[in-house]
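Welcome! Let's take a walk through this structure by way of its salt bridges.

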Amino acid sequence: MTSLSATAAAAATNAATRLLPSVTTSASAARLSYRSTVSFSSLRSSTRLSQFFLPQKNSFRRFSTGRIGYSTVSSPKCAASDPEQLKSAREDIKELLKTKFCHPILVRLGWHDAGTYNKNIEEWPQRGGANGSLRFEIELKHGANAGLVNALKLLQPIKEKYSNVTYADLFQLASATAIEDAGGPKLPMKYGRVDVSGPEQCPEEGRLPDAGPPSPASHLRDVFYRMGLNDKEIVALSGAHTLGRSRPDRSGWGKPETKYTKDGPGAPGGQSWTVQWLKFDNSYFKDIKERRDEDLLVLPTDAAIFEDPSFKEYAEKYAVDQDAFFKDYAEAHAALSNLGAKFDPPEGFSLDDSSPAGQPEMFVAAKYSTGKKELSDSMKQKIRAEYEGFGGSPDKPLQSNYFLNIMIVVAVLAIVTSFVMN
């Protein structure tokens, strides 16, 4: 994997420690975003629903092409990713997480690519969603995406190594892998997302939440209902604040450091929502409910989940039942990752068995005739079941019917003789 420069690595590590909702303020307005906010000297971040939408103050760097970001030029429309390459990419992402502690920023990257979805627009890619558009300069420069260029720097060597993986799939794979690696639930993900082909297909800026809304609960509903999500999913997704921290010099929220963040991991500093801010569990709900520790962060949108009657029902439940939280979070995260996506094949496919999601694997002999592809466990079980149905087993082969075999040989010889005589 291509190594990052010391400067890029440091910037990426700093960015990876933040996964928080934040507020971006310009001279005219504050913007709450489901994405992380671009930090220019004239911009200041502010509150977001989730730490995955916290802005970062890292400036964009220009590369040798003279442009900003990755793949900023149009590329041919890409079909589904290769399942085997996706599996290998997942292993590389796991190794990346071990050294960079970048779980928060990778989760935010996936959320931001999907979070532009508008259920009221049918056409793809105008409807937004998980389509890989976040790799283009025009979208990276949106106020909500400050710092996400660092996530791209982390993933770009993996993308270059596995060319048959789409950006749309890579972003969602990285997000899901980060959740699972941090101790979260197994996510029912599917893959096969098609990438947009050029920057002209990026969504316009402004689809994301505004910062500092007068009524946080109503605002959350306005934003997430537009994406087709409900109250349970809003609260479950909010629970991902268990990861990450906020830095006041980047977002305008939180303390410079606390007893939980002064020693890292990664770059020290910032204020986290939870004590163990790289561990995925239900402690976010417990800590928000109790508010006993001044070193833990509570944003207005965090407080809203225990103040709004409908939100509170789920928040109270998750605070005492981690299994229920994990179940609902897994479903909500998978739903978010599919928003607006165009799949090839249409039903997508799972990495667990490389077969289309929700569909039984079909046996196609040509796939295995070269000996290069191993039969999946599900196919082996199917073949074994059919074999045993005729009275055979691995320890007791079927007995041969020698008389029948002789008759077949005679019949074949007769047919061949007939053709030769004619």
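Is Asp295 buried or exposed? With a relative accessible area of 15%, Asp295 is buried; here buried means under 20% relative accessible area, exposed means over 50%, and partly exposed lies in between (1.4 Å probe, protein chains only). Before going on, please note that this is a predicted model, where local features need pLDDT of at least 70 and side-chain atom pairs count only at pLDDT 80 or more, while totals for chains, interfaces and linings use all residues. Residues are numbered from 1 along each chain as its sequence is written, and side-chain values use heavy atoms, leaving out hydrogens and water.

Asp295 has a partner: Lys259 forms a salt bridge with it, with the closest N and O atoms 2.9 Å apart. A salt bridge is a side-chain nitrogen of Lys or Arg within 4 Å of a carboxyl oxygen of Asp or Glu. By this rule there are 16 salt bridges. Lys259 is partly exposed, at 47% relative accessible area. Both residues also belong to a salt-bridge network that links Lys255, Lys259, Asp293 and Asp295.

Now look at Asp169, which forms a salt bridge with Arg193, the closest N and O atoms being 2.9 Å apart. Asp169 sits in helix α6 (residues 167–181) and Arg193 in the loop between α6 and α7 (216–226), so this pair ties together parts 24 residues apart in sequence. Helices (H or I, at least four residues) and strands (E, at least two) are DSSP runs, numbered from the N terminus. Asp169 and Arg193 are both buried.
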